[in-house]
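Here is a briefing for a reader new to this structure.

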Amino acid sequence: MKEGKSRKRKRSKHGKPQNQHKPLPSNNAGQFHRQEEPEPKNPSSSKKPKSSSFLDKMRARLSGGHFRMLNEKLYTCTGEEALKCFKEDPSLFDMYHAGYQEQMSHWPEQPVNIIMNWLKDRSSSLVVADFGCGDARLAKNVKNKVFSFDLVSNNPSVIACDMANTPLDSSSVDVAVFCLSLMGTNFPSYLEEAHRVLKPNGWLLIAEVKSRFDPNTGGADPNKFSKAITDLGFSSKLKDFSNKMFILLYFQKKEKQSSQTKEIEWPELKPCLYKRR
């Protein structure tokens with residue numbers, strides 16, 4: 001009887017033991033249980049609606065299309081015509097440089113960085129003229145005095161002008177830089193302007209897209225291009241073709257210029273037209 005009473009006390013009214021507990025779930029079981037529970041939706045982490053994604057893609061395509069159109073225009077017109085175009089609608093300049101920066105983001109190395117390092121290895125007293133400076137990146141990253149020129153100025157440090165006619169005095173700078181900026185059908189006039197403003201023994205640094213100097217694909221012969229620049233009054237010091245995307249050419253203005261003027265045969269530079277990505 002005592003045993004029976006004892007059993008009755010341990011059981012509930014429904015016949016189940018009152019002091020028997022279910023085992024606690026293990027970590028894995030707990031995780032499985034939580035995964036089954038519906039989680040509240042987080043608006044910030046949810047994907048954009050398809051319509052919004054489609055519009056973003058269309059805007060990117062339109063922006064890229066405008067850049068390619070402007071890019072082709074700049075390579076196939078004169079600097080004077082390009083300057084007139086941007087003066088009439090300055091927003092086109094912003095559109096072009098936004099597209100340009102997007103294209104450059106795909107390059108593993110930037111030519112302007114190599115030019116910066118070249119300057120940093122020399123005296124900071126050298127005065128630099130940056131032809132086609134864009135956002136004046138060179139001037140922002142070296143200690144040298146840099147005159148930055150471009151067709152439009154959205155920066156107080158950038159001088160807006162046609163690069164064939166800068167406000168610099170003759171023989172007033174030590175280094176002239178053209179970093180992906182020999183655009184336009186009258187590019188020789190830019191190099192003539194660089195020759196004018198450079199001091200004797202001054203440096204001319206040119207970085208250009210490699211395809212523009214590949215004769216196998218319609219580009220200019222780099223030797224003929226170098227000869228034209230030496231005929232202008234420079235000595236060729238270095239040709240660097242080691243990079244996959246661009247070439248670097250280094251020239252130095254001759255101390256004594258020839259009194260005889262001879263006609264220079266400039267090769268045609270192939271326009272750099274970007275493909276749709």
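On a 1 Å grid over the protein atoms alone, a pocket is an open set of points where a 1.4 Å probe fits, with protein on both sides within 12 Å along at least five of seven lines; lining residues have an atom within 4 Å of a point. The largest pocket is lined by 33 residues. This is a predicted model: local features need pLDDT of at least 70, side-chain atom pairs count only at pLDDT 80 or more, and totals for chains, interfaces and linings use all residues. Residues are numbered from 1 along each chain as its sequence is written, and side-chain values use heavy atoms, with hydrogens and water left out.

**The largest pocket**

- Its volume is about 520 Å³, where a volume is the space filled by probe spheres set on the points, and grid points are joined across faces, edges and corners.
- His-97, Gly-132, Cys-133, Gly-134 and Cys-179 lie nearest the centre of the largest pocket.
- Two or more lining residues come from each of helix H4 (79-88), helix H5 (91-104), helix H6 (111-120), helix H7 (137-141) and strand S4 (173-179).
- Helices (H or I, at least four residues) and strands (E, at least two) are DSSP runs, numbered from the N terminus.
- H5 gives the most to the lining, with 6 residues.
- The lining of the largest pocket divides into 19 nonpolar, 9 polar and 5 charged residues.
- Here Ala, Val, Leu, Ile, Met, Phe, Trp, Tyr, Cys and Pro count as nonpolar, Asp, Glu, Lys and Arg as charged, and the others, Gly among them, as polar.
- Domain 1 (55-106) and domain 2 (109-253) each supply at least three residues of the lining; the bounds come from an automatic or database domain assignment.

**The whole protein**

- The protein has 9 helices and 7 strands.
- Of its 277 residues, 39% are buried. Buried means under 20% relative accessible area, exposed over 50%, and partly exposed in between (1.4 Å probe, protein chains only).
- Among contacts with a separation of 6 or more, 66% join residues 24 or more positions apart. A contact means heavy atoms within 4.5 Å.
- The protein exposes about 17800 Å², and carbon and sulfur atoms supply 51% of it. Accessible areas come from the Shrake-Rupley method with a 1.4 Å probe; for residues, only the protein chains shown count as cover.

**Positive phi values**

- Most residues other than glycine have a negative phi.
- Ala-136 has a positive phi, near 60 degrees. Ala-136 sits in the loop between strand S1 (128-131) and H7, and is buried at 0% relative accessibility.
- Asn-201 also has a positive phi, near 70 degrees. Asn-201 belongs to strand S5 (residues 198-209) and is partly exposed, at 37%.

**Loop residues**

- Met-163 is in the loop between strand S3 (158-160) and S4. Met-163 is buried, with a relative accessible area of 9%.
- Leaving out residues up to four places away in sequence, Met-163 touches Phe-131, Gly-132, Ser-181, Tyr-190 and Glu-193.
- Met-163 and Leu-182 are 19 residues apart in sequence and 9.8 Å apart in space, C-alpha to C-alpha.
- Asn-165 lies in the loop between S3 and S4. Asn-165 is exposed, at 55%.
- Asn-165 and Tyr-190 are 25 residues apart in sequence, with 8.0 Å between their C-alpha atoms.
- Gln-110 is in the loop between H5 and H6 and is buried, at 16%.
- Not counting residues up to four places away in sequence, Gln-110 touches Met-104, Arg-137 and Phe-246.
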